[in-house]
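Hi,

Here is the structure I promised to pass on.

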Amino acid sequence: MKRIAITALLLISFVLPTATATAQADVVRAVLFYSPTCPHCQQVISVNMPQISQQFNSSGVWSYYGENYDPDSEQAPALVALQGNALQVLYVDTTSEIGNELYAAAIDRYSIPQEDWVVPLMVVGETILTGSIDIPAQLPLITEEALGSGGIDWPDIPGLTGYIEALQPFPDQPAAQVEATPSAESTAAASVPTAQPEAPPEVLDRNPADLPLGERIMLDPGGNTLSIVVIIAMLFSLVAVGLRWNGRFAPRRPEPLTFWVPILAFAGIAVAGYLAYIAATGNKATCGPVGDCNTVAQSEYSTVLLGIPNAYLGVFGYVLILAGWLIARYAPPATARIATLGVFAAGVFGTLFALYLTFLEPFVIGASCAWCLASAVIITAITLLSAGPASFAYNRKGTSQQ
């Protein structure tokens with residue numbers, strides 16, 4: 001009996017320290033995919049993640065990986081990592097070549113449905129979190145549950161391990177922090193310095209408006225190229241409108257507003273109505289193969305006039321045009337003349353406003369929205385079609401649109 005008791009004590013004395021060390025070594029690791037043009041990403045990076053890090057980490061070091069990265073430049077590295085003693089997060093810029101490859105690999109590895117191909121997107125173990133609501137709400141719960149029960153290793157994303165092992169600390173960090181050289185195996189709390197991790201490096205807070213123009217356009221090359229084409233087409237269309245209004249191409253006999261106007265107005269209501277639904281609910285937009293609709297919808301330019309979402313103004317404008325067409329078509333001549341001018345005026349205002357918003361997409365936001373481009377084309381077509389009838393009505397050459 002005495003021998004058994006001694007043996008048991010020896011086992012306990014061996015297992016207990018091991019178990020304690022294992023518990024201390026528990027770390028939760030996550031990968032956060034983001035875009036520097038996404039306001040929701042910046043909300044998560046600049047506001048939510050520092051709070052969550054302070055909740056769990058007592059120490060940490062900021063690291064990075066970027067080929068030919070110059071720490072003295074404003075260009076952000078492709079990967080930035082917070083190596084905390086409890087929570088470690090790898091920030092992956094999806095607009096970089098490396099980040100885009102890892103993002104595509106994560107989508108394939110976890111069979112992420114297309115409607116969730118958005119940023120911010122976080123992978124924690126086998127769990128996928130999206131958006132600025134789910135990530136701060138669920139990450140603390142996942143982390144708290146995993147700590148002390150084995151932790152969560154880096155996601156099984158092809159190619160990720162090599163980049164993790166190549167991370168190196170940012171220069172000019174406090175000496176206590178730089179001592180912790182990050183690696184794929186650095187899990188124990190003892191391997192991390194005893195200094196509270198600082199706020200995210202400024203390189204994570206990139207404003208696309210501060211990037212060089214060419215680099216800004218390349219944030220969404222396909223969508224931004226299409227935006228530039230639409231801008232050029234709109235400018236030529238406005239020239240045609242001017243010639244149609246007052247010039248050799250001005251109409252010399254009454255022209256009713258064509259039936260294409262209400263058809264286009266209904267199409268505009270559908271497009272703007274969908275964007276208004278996205279703005280009202282905060283749901284993710286289905287963007288299609290070209291553009292980055294969600295980045296545009298979440299940008300500060302989604303509400304330009306009096307804080308009203310642009311999509312709401314679009315719905316109102318198309319409804320106004322539709323009502324104007326009905327009045328111009330079926331009301332008495334004097335009222336029809338005013339309605340015709342009203343349709344044209346709404347079209348001109350809408351076209352100029354759409355031209356301004358379309359200009360912002362490639363040259364300021366760095367991302368383009370296919371739905372917005374469709375609306376820009378629709379309102380421009382309405383303006384072209386209404387220019388002739390409005391010109392004739394304005395010059396009082398006719399008294400009836402019947």
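Below is what turned up, going from the whole chain to a few individual residues.

Please keep in mind that this is a predicted model. The protein chain has 13 helices and nine strands. Of its 402 residues, 48% are buried. If you take the contacts with a separation of 6 or more, 74% are between residues 24 or more positions apart. The accessible surface is about 19600 Å², and carbon and sulfur atoms account for 62% of that.

Now the salt bridges: searching the whole structure turns up three. One of them pairs aspartate 153 with arginine 29, at 3.4 Å from N to O. Aspartate 153 sits in the loop between helix H4 (131-146) and helix H5 (160-165), while arginine 29 belongs to strand E1 (residues 28-34), so this pair ties together parts that are 124 residues apart in sequence.

Arginine 109 pairs with glutamate 126, with their closest N and O atoms 3.3 Å apart. That links arginine 109 in helix H3 (residues 97-109) to glutamate 126 in the loop between strand E5 (121-124) and strand E6 (127-130), 17 residues apart. Aspartate 156 bridges to arginine 109 too, again with the closest N and O atoms 3.3 Å apart. Aspartate 156 is in the loop between H4 and H5 and arginine 109 is in helix H3, so here the parts tied together are 47 residues apart in sequence. As for accessibility, arginine 109 is partly exposed at 29%, aspartate 156 is partly exposed at 49%, and glutamate 126 is exposed at 58%.

Next, have a look at asparagine 224 in helix H8 (residues 221-245). Its relative accessible area is 0%, so it counts as buried. The side chain of asparagine 224 makes a polar contact of 2.7 Å with that of serine 368. Leaving aside residues up to four places away in sequence, asparagine 224 also touches others, including Arg216, Ile217, Glu361 and Pro362.

Last one: helix H13 (residues 370-394). Its 25 residues reach 35 Å from first C-alpha to last, close to the expected 36 Å. H13 does bend, by about 40° at alanine 387, and proline 389 follows within four residues.

Cheers

Definitions and conventions: Residues are numbered from 1 along each chain as its sequence is written. This is a predicted model: local features need pLDDT of at least 70, side-chain atom pairs count only at pLDDT 80 or more; totals for chains, interfaces and linings use all residues. Side-chain values use heavy atoms; hydrogens and water are left out. Helices (H or I, at least four residues) and strands (E, at least two) are DSSP runs, numbered from the N terminus. Buried means under 20% relative accessible area, exposed over 50%, partly exposed in between (1.4 Å probe, protein chains only). Contact means heavy atoms within 4.5 Å. Accessible areas come from the Shrake-Rupley method with a 1.4 Å probe; for residues, only the protein chains shown count as cover. A polar contact is a pair of N or O atoms within 3.5 Å; within protein, one must be able to donate a hydrogen and the other to accept it, and residues adjacent in sequence count only if both atoms are side-chain atoms. The expected span of a helix is 1.5 Å times one less than its number of residues. The bend at a residue is the angle between axes fitted to the seven residues ending there and the seven starting there. A salt bridge is a side-chain nitrogen of Lys or Arg within 4 Å of a carboxyl oxygen of Asp or Glu.
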